[in-house]
Structures are given as C-alpha cells and as structure tokens.
Amino acid sequence: MDGRKSVSESSLNVAQPVLQARDVSVQFGGVQALSDVSVSVRAGEICGLIGPNGAGKSTFLNAVTRLASYGTGTIMLDGTPIEGAKVRDMIGLGVARTFQNLGIYASMTVLENVMLGGHHQFGGRFAQTIFNPMSSGARERAARVKAMTVLEEMGMADVANTIAGALPYPLQKRMEIARALAAEPKILLLDEPAGGLTHGEVHEFGELVDKVRRSRNLSILLIEHHMGLVMGLCDRIFVFHLGRNLAEGKPEEIKSNEAVISAYLGRAA
Ligand SMILES: Nc1ncnc2c1ncn2[C@@H]1O[C@H](COP(=O)(O)OP(=O)(O)OP(=O)(O)O)[C@@H](O)[C@H]1O
Ligand SMILES: [Mg+2]
C-alpha cells in the first residue's frame, strides 16, 4: 500500500471483508483440488460453503489455515495477505476452525479440551513466563474461567468435567466449536459441524450458532450438507463444484439457481 489512497478507496477499506480469498488454486500431486476460487466473508456475516463431495470445500479451509499451500491466488485477513504466515500463526491472526473429522483429545475432559483453545492467549513460551506478570497458576485459572464461560455459552457447562471421548458425537462436535471460540477468533471456519444431529437438534444448533455470531460479531464460514441449516442460517452462500466457484448469492438465489440445482441440490431443494 502506498499511503496515497483516495477517499473512495479508504471508505472501501472500512467495508473490507474479514476474509477475502481471490483466485486461489491448490494442487495435490496430479489432483487439481481448487482452481481460481474466490470467497469473501464480512464482519458478523455467516457464509455457507456448499457443493458435492470432493468439490474442494475442506481444501479451501485448509488453504485459509495454511494446512494446504496454494500455488496461485491471494488470501487476506482484514486486508493483510497471509502468505507469510505458518499454521501455528493462524490462531493468533484470528482464525479458528473445526475439522470434518473430529480433532479432539478424547482422554481429556471437556473443560481441558476447551482450555487448549485459549492457550495462545495465556502464553507458555519461556520469555512470556519470565516477563508475564501472571504466574502459571494464575494463567491456568484465567484459562479455566474463560473456558467455563464459553462452555456456558454453548450450553455445555454440565459436561465440563466429562471425559470428551465419552460424549455423544454431536456434543463432541459442539465441544470443538467451544474450543475454537475460546481462542476469541475474528472468523470461525466450521467443517460439517451438524454431523450426526437429528432434525430437531439441527434447528437448535442453528439458533445457537446465530446467537454466538451476534453476541461476538463473529464472522463464520460454514461447510454443511444439511441444506435446512445452511439456507436458514447463512447470509450468503458460495457453491463449489469440481474445485471451482459455481455460484454465489443469498439463500433464495442459490435455491433457485439452475446450475446449483443440477450439480448439487437436485429438484427437491
Ligand atoms: N491431502 C490430499 N492429497 C491428495 N488429494 C487430496 C487431499 N485432500 C483433498 N484431496 C482431493 O481434493 C479434492 C477436494 O477434496 P475436499 O476434501 O476438499 O472436498 P470436499 O468438498 O470437502 O468434499 P466432502 O463434502 O466429501 O467433504 C478431492 O478430489 C480430494 O480427493
Ligand atoms: Mg470436506
């Protein structure tokens, strides 16, 4: 940036998306998983990312969190490119996620799992231990209080001391979200969080995600195959097909988009 921005450019920056990916391509050996995909999520917005199996949705989250390197394109957080960042930097940059396949510590308690989410805020490096006025005991207490607050927010306070592996699968997925929230992210990336939920539970889950988004002004990018949830919850939806952008729009636009219906939704949607 050259510091000579016009007024209109400056005002554009005010509305700058929290996440902006442009023309991102990812290749695994001979597999072209993503070709020039673009996605943006604004502050406080819930965006859906949908498409058939193998469309590249999880790969896109991996690119945003630096787990997959992208050959071409740009990914920006609050206008700053993330190209130089490592996987471990992403949480400090405000990006938290859950995984399509559970990423939990099954033998630890729910509370301990969620405390790990806030780990980067409470330190642990040698220099921080010396210069940080908080003792390690005080840091642990602060992490515990924060984790309990998030568990209450997620309606999981009653299972805080349960061993995570003993929870029903949908609650393990919810715990993963709690752990991501403990990091106080700007943007939360959810990869099929409603797996295993019944119809009634999906509705309640949608209300919970909406409440969390509003109370934190959080941006969310949601991958889900559960169309009732996606259409009811999302402000905008991006559709991938064969590693490319197929469509983008409001739920009602996506529902009636012929290309999306024929590639993914089918006539019943
Ligand atoms: N680590 C990897 N190595 C090689 N190929 C991969 C790897 N990860 C993903 N792929 C391939 O990239 C393509 C996109 O996969 P991806 O998992 O991103 O799809 P998806 O849209 O998340 O699908 P689903 O809805 O089934 O989860 C697929 O062809 C997949 O086989
Ligand atoms: Mg996937």
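Reader: What is the mean pLDDT of the chain, and what share of its residues reach 70 or more?

Author: The pLDDT is the predictor's confidence in each residue, from 0 to 100; in this predicted model the chain has a mean of 89, with 88% of its residues at 70 or more. Over residues 1-13 the value is below 50, and this stretch has four contacts beyond near neighbours in sequence, a contact being heavy atoms within 4.5 Å. Where pLDDT is low, the predicted coordinates should not be read in detail.

Reader: Which protein donors does the magnesium ion (ligand 2) have?

Author: Donors are N, O and S atoms within 2.8 Å of the metal (3.2 Å for Na, K and Ca), and sites may look incomplete because water is not among the atoms. Here they are S58 (OG) and Q100 (OE1), lying 2.1 Å from the ion.

Reader: Is E152 buried or exposed?

Author: Buried means under 20% relative accessible area, exposed over 50%, and partly exposed in between (1.4 Å probe, protein chains only). E152, in helix α6 (residues 136-153), counts as exposed because its relative accessibility is 51%, whereas Q100, at 33%, is partly exposed.

Reader: How are residues numbered, and which atoms do side-chain values use?

Author: Residues are numbered from 1 along each chain as its sequence is written, and chains are lettered from A and ligands numbered from 1 in the order written. Local features need pLDDT of at least 70 and side-chain atom pairs 80 or more, while totals for chains, interfaces and linings use all residues, and side-chain values use heavy atoms, leaving out hydrogens and water.

Technical notes: Helix = DSSP H or I, 4+ residues; strand = E, 2+ residues; numbered from the N terminus.
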